[in-house]
Amino acid sequence: MTQKQDAMTAPMIVTSWWLIRHGPVINPGQEIYGQKDVALDTSRPELFAAAARLLPKQGRWFASPLSRTMETARRLGGRDMTPIPELIEQNFGTWQGRRSQEVPEREQNPFWECPAHQRPEKGESFTDVTARVAPALEQISRHHGGETLICVAHGGSIRAALTLAGVTPETALGFSIHLLSVTRLDHLLSPGDNRSQWRVAGVNLTSASFA
């Protein structure tokens, strides 16, 4: 058998992603925060303990660079977290830091009719988010092929990750991503032709999912 034939018959390299949405934040005014760096609410340690039990004991840790994701990772047992700037939450532009009812222009903004493709003023559309999340996860998966990767991110960036598995942006926006829930994706790389594919192993998994 030739070297090329050996490569073509080699098993897929499977890289498992454990994507966790960060914990609750301190936001008494119920502001739209997006990329604003709001503090994590750590007043209920039992929530983090329950989420930690869903995660593998060993793995390489990553997180969005915002404090709420980095601190969540630490409270879940993460060490030596590598920040991934591309996994930061969606930028809601001029709406960030304002309460929903204080944004009158929302009523006229086409964002609400087509949220996957429209942008808030000076912000990002959801497809903008997918355009930065998808290549980052693909690159990291190839660099750490076959490993278990644990990453604390945001509702928006986790939904964006689902599009890697063929979920349309419009459908991805319909997924509920709860705080401290786990979304499982697998990256499969064929050594023969260096092509990859993704599969969804679970979305929005919580301790209640296994009760």
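**Exercise 1.** Find the salt-bridge partner of Asp-128 and state how far apart the closest N and O atoms are.

Solution. Asp-128 forms a salt bridge with Arg-119, and the closest N and O atoms are 2.6 Å apart; a salt bridge here is a side-chain nitrogen of Lys or Arg within 4 Å of a carboxyl oxygen of Asp or Glu. The next step is accessibility, where buried means under 20% relative accessible area, exposed over 50%, and partly exposed in between, using a 1.4 Å probe and protein chains only. Asp-128 counts as partly exposed because its relative accessibility is 21%, and Arg-119, at 48%, is likewise partly exposed. The model is a predicted one, in which local features need pLDDT of at least 70 and side-chain atom pairs count only at pLDDT 80 or more, while totals for chains, interfaces and linings use all residues. Residues are numbered from 1 along each chain as its sequence is written, and side-chain values use heavy atoms, with hydrogens and water left out.

**Exercise 2.** Classify Arg-132 and Glu-124 as buried or exposed, and then examine the salt bridge between Arg-142 and Glu-138.

Solution. Arg-132 and Glu-124 meet through their side chains in a salt bridge of 2.9 Å, N to O. Arg-132 is buried because its relative accessibility is 16%, and Glu-124 is buried at 14%. A salt bridge of 2.8 Å, N to O, also joins the side chains of Arg-142 and Glu-138. These two residues lie four residues apart in helix H4 (residues 126-143), so about one helical turn separates them; helices (H or I, at least four residues) and strands (E, at least two) are DSSP runs, numbered from the N terminus. Arg-142 is partly exposed, at 33%, whereas Glu-138 is buried, at 16%. Elsewhere, salt bridges that share partners join Glu-71, Arg-74 and Arg-75 into one network. The count for the structure comes to eleven salt bridges.

**Exercise 3.** Locate Ser-125 and determine what it touches.

Solution. Ser-125 belongs to the loop between strand E3 (82-83) and H4, and it counts as buried because its relative accessibility is 1%. Leaving aside residues up to four places away in sequence, Ser-125 touches Gln-90, Ala-116, His-117, Gln-118 and Arg-119, where contact means heavy atoms within 4.5 Å. The C-alpha atoms of Ser-125 and Phe-92 are separated by 8.4 Å, although these residues are 33 apart along the chain.

**Exercise 4.** Describe the aromatic pair and the strands that hold its rings.

Solution. The structure holds one aromatic pair. Trp-17 and Phe-62 form this pair, which is tilted, with 5.9 Å centre to centre and 40 degrees between the planes. By the rule used, rings of Phe, Tyr and Trp (its six-membered ring) pair if their centres lie within 6.5 Å, planes under 30 degrees apart counting as stacked, over 60 as edge-to-face and the rest as tilted. Trp-17 is in strand E1 (residues 13-21) and Phe-62 in strand E2 (residues 60-63), 45 residues apart, so that the pair links distant parts of the chain. Both Trp-17 and Phe-62 are buried. Turning to strand pairing, which requires at least two DSSP bridges, E1 and E4 run parallel over six bridges, with Trp-18 having Ile-150 as its bridge partner in E4. E2 and E4, also parallel, are joined by four bridges, and Phe-62 stands opposite Cys-151 in E4.
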